[in-house]
Amino acid sequence: MAQISQHALETAVKQYRDPYLGKDLYELGAVKSLAADDSGKVTAMIELPYPSRGIAGALKELLTNAIDDVEGVDSVDVHVGQRIHSHKGQKEIQSVPGVKNIIAVASGKGGVGKSTTAVNLALALQAEGARVGILDADIYGPSIGMMLGVPEGKRPDTHENKYFIPMEAHGLQANSMAFVVTDKTPMVWRGPMVSGAVMQLLQQTLWNELDYLIIDMPPGTGDIQLTIAQKVPVTGAVIVTTPQDIALLDGKKGIEMFRKVEIPVLGVVENMSVHICSNCGHEEPLFGHGGGERIAEEYGTTLLGQLPLHMTIREQTDGGKPSVVAEPDSEVARRYKDIARRVGAELSTRERNLTGSISSVSVTEH
């Protein structure tokens with residue numbers, strides 16, 4: 001049997017360019033091993049730097065076909081996995097124990113579907129192979145518990161009467177002020193008390209080896225947002241807006257706030273981009289068109305994705321089973337998973353936190 005050329009193998013692998021990072025696998029450092037034995041069998045170990053379970057199968061198939069065309073190759077065995085690193089937050093703020101990366105999901109105003117986006121993003125990152133938690137930082141209007149289907153009145157366990165054990169919901173680790181008070185308790189607190197409550201929920205929860213902690217921020221740019229920006233090692237922010245001009249104006253304020261405190265904006269999610277009629281399927285841009293793309297271009301960031309205004313998204317979220325878990329193969333879930341891969345890929349390009357947690361490894365395809 002003719003000896004298989006290592007150069008030919010590497011050339012075949014280089015044909016694949018990552019759809020989210022725009023580089024070949026060697027440029028990404030994703031090829032951990034590529035070798036052929038005397039029988040003509042080629043084994044490749046690929047490790048992507050972001051949650052990527054949804055594209056692992058396609059990547060395996062494409063590489064298998066490319067390598068199989070190399071002269072002398074008899075069989076191909078491709079393993080695709082992922083390694084998620086810890087990345088630096090702003091101003092060298094100390095890491096939160098048990099958490100590698102903190103992503104703030106924010107909006108300049110209420111009513112744009114920020115919490116719905118936050119919870120589906122968390123579930124999508126998990127579906128793509130990451131360990132994920134979510135913190136509801138909207139003290140005045142906590143809604144994550146209801147969206148995740150946590151029964152009313154259920155309380156988190158505690159450790160040593162000091163630490164919260166995060167609730168488990170659809171595989172996510174979660175904590176919220178809604179888990180500690182009843183839904184009829186008005187939070188008539190001033191700013192410092194509210195900010196202190198958020199920090200307590202964050203720092204006194206025993207997060208268990210999370211790749212990502214999603215923080216569902218309250219709307220606006222007030223005390224809670226500033227406290228989180230100044231005291232929490234946020235590794236990136238996602239801005240949620242609608243195409244409506246007034247929402248875009250407020251979204252810009254959110255981007256400006258994160259820029260001032262040196263938190264990178266990973267991108268913009270345009271919610272309610274088009275209304276889909278539940279009866280006939282007709283699509284109509286009720287709130288305008290192209291707003292998310294314009295704000296992303298203006299601020300030199302990425303349009304992560306566009307979500308439709310559709311009744312099922314609201315019904316599923318209100319029912320405690322957001323779209324990603326209610327209909328994991330639906331078009332809406334596919335869009336959320338694509339956004340999750342884009343967020344993870346963008347974050348993977350940031351400076352690593354070499355003092356943080358050990359990176360996790362997950363093999364997703366054999």
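Select Ser 52 to begin. Ser 52 sits in the loop between β2 and α2. Helices here are DSSP runs of H or I with at least four residues, strands are runs of E with at least two, and both are numbered from the N terminus. Ser 52 counts as buried because its relative accessibility is 0%. Buried means under 20% relative accessible area, exposed means over 50%, and partly exposed lies in between, using a 1.4 Å probe and protein chains only. Now show the surroundings of Ser 52. Leaving out residues up to four places away in sequence, Ser 52 touches Gly 81, Gln 82, Glu 128 and Arg 341. Contact means heavy atoms within 4.5 Å.

A word on the model. It is predicted: local features need pLDDT of at least 70, side-chain atom pairs count only at pLDDT 80 or more, and totals for chains, interfaces and linings use all residues. Residues are numbered from 1 along each chain as its sequence is written, and side-chain values use heavy atoms, with hydrogens and water left out.

**The hairpin**

Select β1 (residues 31-36) and β2 (residues 41-48). These strands pair in the antiparallel sense over 5 bridges. Strands count as paired if DSSP finds at least two bridges between them. Ala 36 stands opposite Val 42 in β2. The hairpin has 4 residues between its strands, and Gly 40 takes a positive phi near 90° there.

**On to β3**

β2 and β3 run parallel and are joined by 8 bridges. Find Ala 44, which stands opposite Val 78 in β3. Side chains in a regular strand alternate between the two faces of the sheet.

**Helix α2**

Select residues 53-68. Which hand does the unit of β2, α2 and β3 have? This β-α-β unit is right-handed. In a right-handed crossover, with the strands pointing away from the viewer, the path from the first strand over the helix to the second runs clockwise.

The 16 residues of α2 should span 22 Å at 1.5 Å a residue, and its end C-alpha atoms are 23 Å apart, which agrees. The expected span is 1.5 Å times one less than the number of residues. Color the buried residues of α2: Ile 55, Ala 56, Leu 59, Leu 63, Ala 66 and Ile 67. They cover an arc of only 115° around the axis, so they lie on the same side of α2. That arc is taken from the directions from the helix axis to the C-beta atoms. Turn to the face away from the buried side for the exposed residues Gly 54 and Glu 61.

**The annotated loop**

Val 112 is in the loop between β4 (99-106) and α3 (114-127). Val 112 is buried, with a relative accessible area of 3%. Gly 113 lies in the loop between β4 and α3. Gly 113 is buried at 19%. Apart from neighbours within four places in sequence, Gly 113 contacts Val 240, Asn 271 and Met 272.

**Helix α3**

Select α3 next. Of its 14 residues, 12 are buried, so α3 is largely enclosed by the rest of the structure. Among the buried ones are Lys 114, Ser 115 and Leu 125. Gly 129 follows α3, with a positive phi near 110°.

**Last stop**

Pick Asp 223, in helix α6 (residues 223-231). Asp 223 counts as partly exposed because its relative accessibility is 46%.
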